Amino acid sequence: MKKRITASLLLISILYSMIFIPTIQPDGVFAYGETTIKTEQSTADTTIHTPGCQTWLPEWQSESPASTGNIILTPGSDESCMNFSWYSESIGRPAVQISADPAFAKNKIFDGTAAVISRSNGTTTYRAANHVSIKNYLQPGKTYYYRYTCMLNSTAIVWSGIYTFCTPDNSSVTAILTGDPQIGASGNIASDAYNWSQTLRQALQTAPGASFLLSAGDQINYKTDDDPDCIRESEYAGFLYPSQLRRLPVAAAIGNHETKGCDYQYHFNTPNSENNYGSTPSGCDYYFSRGSILFIVLNSNSRKMSAHRKLMKKATASHPDAGWRIVLMHHDIYGSGAMHSNRTSANLRTIFAPLMDEYSIDLVFSGHDHSYARSDPMLDGTAIDYPGNTLTDPLGTTYIALGTSSGSKMYGLTNPKQYYVAERSNNPLPTFSVLTVAGNTLSLKTFDQDGKPYADDFTIRKTKKKSNPLATVKKAKNLKKQSYTKSSYNKLKSALKNFEDLFHITKTDKGAEKIENYFRTAKDPLSYYGYAKGTTDPLPAKFSTLLDKTRLHPVSITPSAFTKAYKEVTKTRKKLVKTTLRIKKGKKTLKNGTKLTIKKGKKLRLKITAAPARYKVSCTSRSKKYVSISKKGVIRAKKKGTGSVAIRFQNRTITLKIRVR
């Protein structure tokens, strides 16, 4: 049954959101829940004084000048591929040597490209961004050893140290997820780097079989490429510092704090990005597959909906049999953080939510609000309110906003909690999640930096291929009335009305069209950050039909109510009875609007064929002064002039214009 947000429900929601509701672990420690953060806070001030961080600081101080140039792996197009990227102080011919043998007795060298750059972290200036891709070479379930050089064209090649990574065996896929490391956001790069490395250390202890990491954007904090103090690359030194990243490939989304700089595209070597769809100065959309999963990474700083659609169309067409479709992007369009979820992120629903419906996306992972939130499955802005944390063949798309993995900056939660939120937590701790997909089961577990649960476990099970039911409803709405019998069409019309009263499908979104068409022009209604132009408020009412639905007229329904209404639409559509009506003059078939000429006093017999035969055909004259027509279709010209006759059969009408001369 449809549930509207009423005054009483709002009051309950407000009271509920003001209460800190933690989950108590066996050792009595609160691991997660809702807590009050008035503006923002950071773990940096306390972390920097801990014995662990103090012991670590000398190591950081000695290694950080070179950490900006650290190599980082990115998942290749599929399991047989891997991408590498790193900075070097000189430019040459970059290459990666790889082997399943630690002694490199048998090996293969893959060379790549070097882009000329000038990037500095204040201590070291880098002149080349090196990209190398391994394609169609790796085997599942193996450990590989690799080393790299930027001087393959030298007579005396100097190789790096030896590193390893493992490929999954394809029986299951495990990935680590992190949100907003945002190194430097606390004001202390070293403290943030320490927390980030500690989170990765714990993540790999919790999930030792993880084969890659998904980072939901804002890897660093400094916003612009105009950087006289070399802060951006100093922050990248903190992000790239952890040794775990030499063996754990990273698929990173572009955050709003990165989109104005060009270093993201230098540090990361993304697959399937050659078309530059969804581009900003930092980079663009891309995709890759692992096992039965298609991962699509969108640059949510770009508001070109058509470009994102092209990438998603290409990605889904390249993996038509993917059992799961997962999107990673930065902005949490259905998050619950106080800073963005009702403003910048809500504005971007107009662009991204329809794409998730269109391409039947299972899960969307994002960051931006530095707090954890899991939505109910969302379909066209309607929350499908499933009970519990294990869903079987859920409708719509579930949105997961990840917390901050470094604790560099943490926010409060909205008050009241939004209608679409199934669970949320903002206990001020660094967090990470572990995604596991095995066959038809997907599970998500979320932890704090100490490995304690930070959110309820979440599971999706599939027994059938996912589809977008709204596409079926819209097709039914577009069926032509005249093609069917009155009775069968009226039943469909009634079922469609019941569905519409329950679900409230959004109409064509003129606001989304404006955002698309005016992106990066003087008429752009949004700032780069996603706020309404010239203010920090959301877009006004009546700008976007989807935004109005989700902000002003929220709808939440049970899956059983949706299924009942939807099945009635599909049932009545299947039971539609088609009709045919053909009118011939001799051998010539007459169409609606056909003009005929008949001499006064003459008759013209039409051949009328209609089906189903159990329904009657009606023949009437609209100009009885000039022309008449019998029940059997005999036209009689009575007086000179122009008239018309109509032949009706159920919802079909064919009108003939008759000139009597």
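Visitor: Is tryptophan 60 buried or exposed?
Guide: In this predicted model, the relative accessible area of tryptophan 60 comes to 8%. Since a residue counts as buried when that value is under 20%, tryptophan 60 is buried.

Visitor: Which parts does the pair of tryptophan 60 and tyrosine 241 tie together, and how many residues apart are they in sequence?
Guide: The rings of tryptophan 60 and tyrosine 241 form an edge-to-face aromatic pair, with 5.5 Å from centre to centre and 75 degrees between the planes. Tryptophan 60 belongs to helix H3 (residues 51-67), whereas tyrosine 241 sits in the loop between helix H5 (231-240) and strand S15 (250-252), so the pair ties together parts whose separation in sequence is 181 residues.

Visitor: What kind of aromatic pair do phenylalanine 110 and tyrosine 137 form?
Guide: Planes over 60 degrees apart count as edge-to-face. For phenylalanine 110 and tyrosine 137 the ring centres are 5.4 Å apart and the planes stand at 70 degrees, so the pair is edge-to-face.

Visitor: Which residue forms a salt bridge with arginine 119?
Guide: Side chains of opposite charge can pair when their charged atoms come close. Arginine 119, which is buried with a relative accessible area of 11%, has such a partner, and the closest N and O atoms of the two are 3.1 Å apart. The partner of arginine 119 in this salt bridge is aspartate 225.

Visitor: How many residues apart in sequence are the parts that arginine 303 and aspartate 524 tie together?
Guide: The side chains of arginine 303 and aspartate 524 meet in a salt bridge at 2.5 Å, N to O, and both residues are buried. Arginine 303 lies in the loop between strand S17 (293-297) and helix H7 (305-318), and aspartate 524 in the loop between helix H12 (510-517) and helix H13 (545-551), so the pair joins parts separated in sequence by 221 residues.

Key. Residues are numbered from 1 along each chain as its sequence is written. This is a predicted model: local features need pLDDT of at least 70, side-chain atom pairs count only at pLDDT 80 or more; totals for chains, interfaces and linings use all residues. Side-chain values use heavy atoms; hydrogens and water are left out. Rings of Phe, Tyr and Trp (its six-membered ring) pair if their centres lie within 6.5 Å; planes under 30 degrees apart count as stacked, over 60 as edge-to-face and the rest as tilted. Helices (H or I, at least four residues) and strands (E, at least two) are DSSP runs, numbered from the N terminus. Buried means under 20% relative accessible area, exposed over 50%, partly exposed in between (1.4 Å probe, protein chains only). A salt bridge is a side-chain nitrogen of Lys or Arg within 4 Å of a carboxyl oxygen of Asp or Glu.
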